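Dear colleague,

Please find below the structure that I am handing over to you. My notes on what was found in it follow directly after.

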Amino acid sequence: MNLSDFLRGIRVIDLSQFIPGPQAALHLADLGAEVVKVEPPGGEPMRQMPPLDADGLHAGYKLMNRGKTVIEIDLKSDAGKVAFAALTTAADVLVESYRPGVLDRLGFDRARLERLNPRLVHVALTGFGQTGPYRLRAGHDLNYMALAGGLAVSGIDERPVITYPPVADHASALQAALAAVAALFQRASSDRGAFIDLSLAETVLAWQAIPLTAAQRQRRQPDRAGQMLNGGAAYYQIYRSADARFLTLGAVEEKFWASFCRAAGRPEWALRHGEALPQTALIAEVATLIASAPLAHWDALLSPADCCFHPVVPLAEVPDHPQIQARGLVHRVADGSPLIETLFPAWVDGAPPAPRTPIRFAAAAEVVERWRR
């Protein structure tokens, strides 16, 4: 059994753009579905977002759409509406990222889609959802993070910080793919599709149960850099070495903290694991120690100590790291301008996923005719 066997025979229309919808459809393609990406004449905006490769395409666009067939259809034209209706009739999943009401105005409201294909799983990805006062509000990842708690207690003491890659975009892609697969599973017994209203902001909100509970109980905003997992603990911290490199320490359990303290030559610190948060004084002491030697020194000292330590690996070095290479999930693509793709993070029956095939551009008529058979 291979990863690409799981959804073999499933047909997906990707009517989305940028990252969330295209990556959701990419996950489905990784699982074996046939994905046809429908774009307006000239392509979706990400296709020609600077900087461009020699082939005139943005690298991110090519990475988000590997393994897919891309066609262009003008959904505002009569011929385009006919072609899209034919695809919808034959599809299993539709992933789209229009604002609420846009697909309706194009002539494909929920009632019409259900008439065309009652077994269709329709995943509608929007910033804030199909309902509520923000349903038509514009936004991007940073705005969704701001609303739903993703920035409130993350960052440094003085301010939140921007996360990268964009969290809501990638989280919603996974959530959309999961929901689509679950809907396909229930369809096997009900013979009915589903309409899935999925909000990017709410994919971040779904992670906030613990912080929201803490805020409610404390009756105030938890402090940035003041909690155990957001920078308030000496044992769960990022430190700077003498050569301006960085290392992470995740010694949450007392046994790991004690191992760190022994390896670092400060066994007396082991008894300070339970100091009140934020552990400002202890953090400063550890930071001074780490700043006294280069990263290579700490790597040699702490890696054997089993204390939940790891250097911050520069991006350029990630593909060649022994652990990353051993797992086989990073693939260098020879594409004129090289691409680095990261594959679906799951081994199946002892084997990693195969590299994706290149993006393929095709005529809409070709795909429509094939899907009609």
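In these notes, a residue is called buried when its relative accessible area is under 20%, exposed when it is over 50%, and partly exposed in between (1.4 Å probe, protein chains only). The model is a predicted one: local features need pLDDT of at least 70, side-chain atom pairs count only at pLDDT 80 or more, and totals for chains, interfaces and linings use all residues. Residues are numbered from 1 along each chain as its sequence is written, and side-chain values use heavy atoms, with hydrogens and water left out.

Charged pairs

The structure holds 20 salt bridges (a side-chain nitrogen of Lys or Arg within 4 Å of a carboxyl oxygen of Asp or Glu). Lys37, which counts as buried at 0% relative accessibility, pairs in this way with Glu39, the closest N and O atoms being 2.9 Å apart. Glu39 is itself buried, at 1% relative accessibility. Lys37 also forms a salt bridge with Glu44 (2.9 Å, N to O), and Glu44 counts as buried at 3% relative accessibility. Through shared partners, salt bridges join Lys37, Glu39, Glu44, Arg47 and Glu72 into one network.

A further salt bridge links the side chains of Lys68 and Asp14 (2.8 Å, N to O). Lys68 lies in the loop between helix H2 (59-64) and strand S3 (69-72) and Asp14 in strand S1 (residues 11-15), so the pair ties together parts that are 54 residues apart in sequence. Both Lys68 and Asp14 are buried. Helices (H or I, at least four residues) and strands (E, at least two) are DSSP runs, numbered from the N terminus.

Contact here means heavy atoms within 4.5 Å. Leaving aside residues up to four places away in sequence, Leu28 touches several residues, including Val12, Val93, Ala177 and Ala180.

After H7 comes Asp191, whose phi is positive, near 60 degrees.

Yours sincerely
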